[in-house]
Amino acid sequence: MMKHFLMNLLLSFIWVALTGSMYYSNFLFGFLLGFFILWVMNRHEEDRRYFNKVPKTIGFVLYFLYEMLAANVQVAYDVITPKYFFKPGIIRYPLEATTDIEINLLSTMISMTPGTLILDISEDKKSLFIHVMYLKDREHFIAQIKKGFEHRLLEILR
C-alpha cells in the first residue's frame, strides 16, 4: 500500500514539473490523475487496499468539512440571535474503536467540530464522555456519531 502511495506522490510531482504550475489545485489534479493511472495499471492485482482507502479518505474529509461547516453555522446563528437555542448535555458514548490511535483520532475529530467537546475517556477505553452544546435527542446524537465519524474513520484505519 505504501508503494502505491509513494508512486502516486511521484506521479503528482512529475505532473507539477511537466505543467510548470506550482498550485495546490494542480498538485491535486496530478494526484487524482496519478491515482487513475495506478488504478488502471494495477486493476488485476490482488492487493487493492490503496485503491479502496483513498476514495474513503476523501469521502471522510468531505464529510468532516460538511459537519464542521454545519456546526459553525449553527453556533454562529445562536450567537447572533437574541434567543439562545442551546441545550447542553453530557453523553456517555460507547466506543467501537479499540486502539489508542483510533480513539485519539475520533476524539480529535469530535472536539474539532464546534458545539462538542471530549471531556474524558473511561478507564477501560470503552466509552467517551462528550459535552454537547445542542443536545435534542441522546440516541440520535450517538447514532449520528457512530454512523458518521466513527464508522468512516474505522473504515480508513482498519
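The tour goes from the sheet to the helices on it, then to a helix pair and a single residue.

**Before selecting**

This is a predicted model, in which local features need pLDDT of at least 70 and side-chain atom pairs count only at pLDDT 80 or more, while totals for chains, interfaces and linings use all residues. Residues are numbered from 1 along each chain as its sequence is written, and side-chain values use heavy atoms, with hydrogens and water left out. Helices (H or I, at least four residues) and strands (E, at least two) are DSSP runs numbered from the N terminus.

**Stop 1**

Select residues 89-94, 116-121 and 127-132. They belong to an open sheet of 3 strands in the order E1-E3-E2, with antiparallel pairing; two strands pair if DSSP finds at least two bridges between them. Strand E1 (89-94) and strand E2 (116-121) are the edge strands, each pairing on one side only. On average, neighbouring strands of this sheet are turned by 30° against each other, direction ignored.

Next, display the bridges. E2 and E3 run antiparallel and are joined by 5 bridges. Thr116 has Val132 in E3 as its bridge partner, and Ile118 has Ile130 in E3. E1 and E3 pair in the antiparallel sense over 6 bridges, and Arg92 stands opposite Phe129 in E3.

Which residue in the turn of the E2 and E3 hairpin has a positive phi? Select Lys125, whose phi is about 60°; the hairpin has 5 residues between its strands.

**Stop 2**

Axes are lines fitted to C-alpha atoms, for helices over the stretch in contact, and angles run from 0 to 180 degrees between N-to-C directions.

H4 and H5 pack at an angle of about 140°, with their axes 10 Å apart. H4 is therefore oblique to H5; angles under 35 degrees count as roughly parallel, over 145 as roughly antiparallel, 65 to 115 as roughly perpendicular and the rest as oblique.

Show side chains at this contact. Glu102, Leu105, Leu106, Met109 and Ile110 of H4 meet Ile145, Phe149, Glu150, Leu153, Leu154 and Leu157 of H5. The contact has 9 nonpolar, no polar and 2 charged residues. Ala, Val, Leu, Ile, Met, Phe, Trp, Tyr, Cys and Pro count as nonpolar, Asp, Glu, Lys and Arg as charged, and the others, Gly among them, as polar.

**Stop 3: H2 and H3**

Select helix H2 (residues 24-41) and helix H3 (residues 49-80), whose axes come within 11 Å and cross at roughly 150°. H2 and H3 are therefore roughly antiparallel to each other. Phe31, Leu32, Phe35, Leu38 and Trp39 of H2 make the contact with Tyr50, Phe51, Val54, Pro55 and Ile58 of H3. By class, the residues of this contact are 10 nonpolar, no polar and no charged.

**Stop 4: Lys56**

Finally, select Lys56 in helix H3. Not counting residues up to four places away in sequence, Lys56 touches Glu155 and Ile156. Between the C-alpha atoms of Lys56 and Thr81, 25 residues apart along the chain, the separation is 37 Å.

Notes
Contact = heavy atoms within 4.5 Å.
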